[in-house]
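Good morning, colleagues. Please have the sequence and the coordinates open, as I shall refer to individual residues throughout.

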Amino acid sequence: MHLINIIDTNLYNIIIKMFSQNVTAIMTFIAYLGSAITLITFSLEFIFLFKNKKYPIFIILNLISVFILNRILKLIIARPRPQVLILALENGYSFPSGHAMVSFGFYGFLIYLAYKNIKNKKIKYPLIVFLSILILLIGISRVYLGVHYATDVIGGFAIGFIYLVFFVKFYKYCFNFSTVSS
């Protein structure tokens, strides 16, 4: 536990050096891009965006699955939130960071879909880089806003990555199964 406290304290001290009203406004907006309402809205918009309706179904299923897994883990671990400089209000437990874990699962799956399906490299790679940076910034925003410890975010990213690997395998299995049985 001592190592976790050292990591949390040192990373918080680095991030809080960025503190200003402008950075707080930016971090609040970035955190919003990882919020449940934003991700649900994006998921529903994909229904109209994609001609192939299999993609939106898997995007929505992915979001629901990673969200439920995060809630279960929070209840099991039950780590209290930090009580330092709090710039945003959040309820519930701290570990793993829901924004970090769910954003990794959600935007990570979009990265996978972009990599596999977008042929135009001038669109594909900038989109992948943008979404990757967004995931990282969402995690940083949670520590900056004082609603998570750095290890909550690191744990959220790690669990989100493991989850994403399994979800992509599930997606490939379902997608391959449906094309074989059609």
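Predicted model: local features only at pLDDT ≥ 70, side-chain atom pairs only at ≥ 80, totals over all residues.

A residue is called exposed when its relative accessible area is over 50%, and buried when that area is under 20%. Leu75 belongs to helix α4. Its relative accessibility is 63%, and because exposed means over 50%, Leu75 counts as exposed. Eleven residues separate Leu75 from Ile64 along the chain, and the distance between their C-alpha atoms is 17 Å.

Now consider another residue of α4, namely Asn62. Is Asn62 buried or exposed? Its relative accessibility is 0%, so Asn62 counts as buried. Setting aside residues up to four places away in sequence, Asn62 touches Gly105, Phe106 and Phe109, together with Tyr163 and Phe167.

How many residues does the largest nonpolar core have? The number is 44, and the residues with the most contacts inside this core are Ile59, Phe106, Tyr107, Phe109, Leu110, Leu113 and Tyr171. At least two core residues come from each of α1 (2-16), α2 (21-32), α3 (36-49), α4 (54-77), α5 (98-117), α6 (121-144) and α7 (150-181). Which helix supplies the largest share? That helix is α5, with twelve residues of the core.

For the pair α1 and α6, the axes come within 9 Å and cross at roughly 95 degrees. The two helices are therefore roughly perpendicular to each other, since angles of 65 to 115 degrees are placed in that class. On the α1 side, Tyr12, Ile15 and Ile16 take part, and they meet Ile140, Val143 and Tyr144 of α6. Classified by residue type, this contact of α1 with α6 has six nonpolar residues, no polar ones and no charged ones.

In the second pair, α2 and α6, the axes come within 8 Å and the crossing angle is roughly 125 degrees. These helices are therefore oblique to each other. The crossing of α2 past α6 is left-handed. From α2 the contact uses Val23, Thr24, Met27, Ile30 and Ala31, while α6 provides Leu137, Ile138, Ile140, Ser141, Arg142 and Tyr144. What is the division by class in the contact of α2 with α6? Eight residues are nonpolar, two are polar and one is charged.

Finally, I would draw attention to the backbone of the loop between α4 and α5. As background, most residues other than glycine have a negative phi, and most peptide bonds are trans. Ala78 lies in this loop, and its phi is near 55 degrees, a positive value in a residue other than glycine. With a relative accessibility of 29%, Ala78 counts as partly exposed. The loop between α4 and α5 is also the place of Pro96. The peptide bond from Phe95 to Pro96 is cis, and its omega is near -10 degrees.

That concludes my presentation, and I thank you for your attention.

How values were computed:
Residues numbered from 1 in each chain as written. Heavy atoms only, no water. Core = buried A, V, L, I, M, F, W, Y, C linked by side-chain atoms within 4.5 Å. Buried < 20%, exposed > 50% of the residue type's maximum accessible area, 1.4 Å probe, protein only. Helix = DSSP H or I, 4+ residues; strand = E, 2+ residues; numbered from the N terminus. Axes fitted to C-alpha atoms, helices over the stretch in contact; angles between N-to-C directions. Parallel < 35°, antiparallel > 145°, perpendicular 65-115°, else oblique. Contact = heavy atoms within 4.5 Å. Nonpolar A, V, L, I, M, F, W, Y, C, P; charged D, E, K, R; others polar. Left-handed = near helix turned anticlockwise from the far one by under 90°.
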